[in-house]
Amino acid sequence: MKPATNATALRVQAVLGSKFQVLEFDASTRTAANAAAAIGCAVAQIAKSLIFRAAHTNKAVLIVASGTNRVDEKKIEALIGEPITRADADFVREQTGFTIGGVPPVAHANNPIVVLDEDLLKFDEIWAAAGTPNAVFRLAPAALSELTGASFKQIACG
């Protein structure tokens, strides 16, 4: 692991400021399992960013979920007040400015609707993607809420 040098990861670093450090790995951090293996943490500590499309408003919906959780889409729909659909790669890139596998919770091209998984509150530190499939940054769950302006909700299946 090393400090970020990729232009996209540095763009995320600029938004995060000096309180956080974007790190790059030689290994992929594209999936929660890949990221946990590269970092040496539990998969549940990975704050995975999932993008959906709000069916009526066509806005991006960013769900930041624990790496082990499957998101209950019906819970998300109830929280935001409209149905959601899965976003394709073009929509993700257009709305966020990032490709799938590296979408961070911040620095999006368009401000998404954001919902955070309350299961992330179980940890003192979590790790989120930082713009590329091999860049991440460490933060506390409270900082995730501060950075995104979102609150934690029960969104996991089960």
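Author: Not counting residues up to four places away in sequence, Ala128 touches Ala47, Pro105, Ala135, Val136, Phe137 and Leu139, where contact means heavy atoms within 4.5 Å. The model is a predicted one, in which local features need pLDDT of at least 70 and side-chain atom pairs count only at pLDDT 80 or more, whereas totals for chains, interfaces and linings use all residues. Residues are numbered from 1 along each chain as its sequence is written, and side-chain values use heavy atoms, with hydrogens and water left out.

Ala128 belongs to strand S7; helices (H or I, at least four residues) and strands (E, at least two) are DSSP runs, numbered from the N terminus. With a relative accessibility of 1%, Ala128 counts as buried. Buried means under 20% relative accessible area, exposed over 50%, and partly exposed in between, with a 1.4 Å probe and protein chains only. Between the C-alpha atoms of Ala128 and Lys19, which are 109 residues apart along the chain, the separation is 14 Å.

A nonpolar core is a set of buried Ala, Val, Leu, Ile, Met, Phe, Trp, Tyr and Cys residues joined through side-chain atoms within 4.5 Å. This core has 31 residues, and those with the most contacts inside it are Val22, Ile51, Phe137, Leu139 and Leu144. In soluble globular proteins, nonpolar side chains tend to be buried together. Leaving aside neighbours within four places in sequence, Leu144 is in contact with Val64, Pro105, Leu116, Leu120, Ile126, Leu139 and Phe152.

Leu50 stands opposite Ile63 of S4. In the hairpin of S3 and S4, five residues lie between the strands, and Asn58 takes a positive phi near 65 degrees. S4 is mostly covered, with seven of its seven residues buried. S4 also pairs with S6, in the parallel sense and over four bridges, and Val61 has Ile113 in S6 as its bridge partner.

Within H2 (residues 32-39), Ala32, Ala35, Ala36 and Ile39 are buried. Seen down the axis of H2, these buried residues fall within an arc of 95 degrees, so they line one face of the helix; the arc is that of the directions from the helix axis to the C-beta atoms. The buried residues of H2 pack against S3, S7 and S8. After H2 comes Gly40, with a positive phi near 90 degrees.

H2, S3, S7 and S8 each supply at least two residues of the lining of the largest pocket, and S3 gives the most, with seven residues. On a 1 Å grid over the protein atoms alone, a pocket is an open set of points where a 1.4 Å probe fits, with protein on both sides within 12 Å along at least five of seven lines, and lining residues have an atom within 4 Å of a point. The largest pocket is lined by 29 residues, of which Lys48, Ser49, Leu50, Ile100 and Gly101 lie nearest its centre.

Note on methods:
Pairing = 2+ DSSP bridges.
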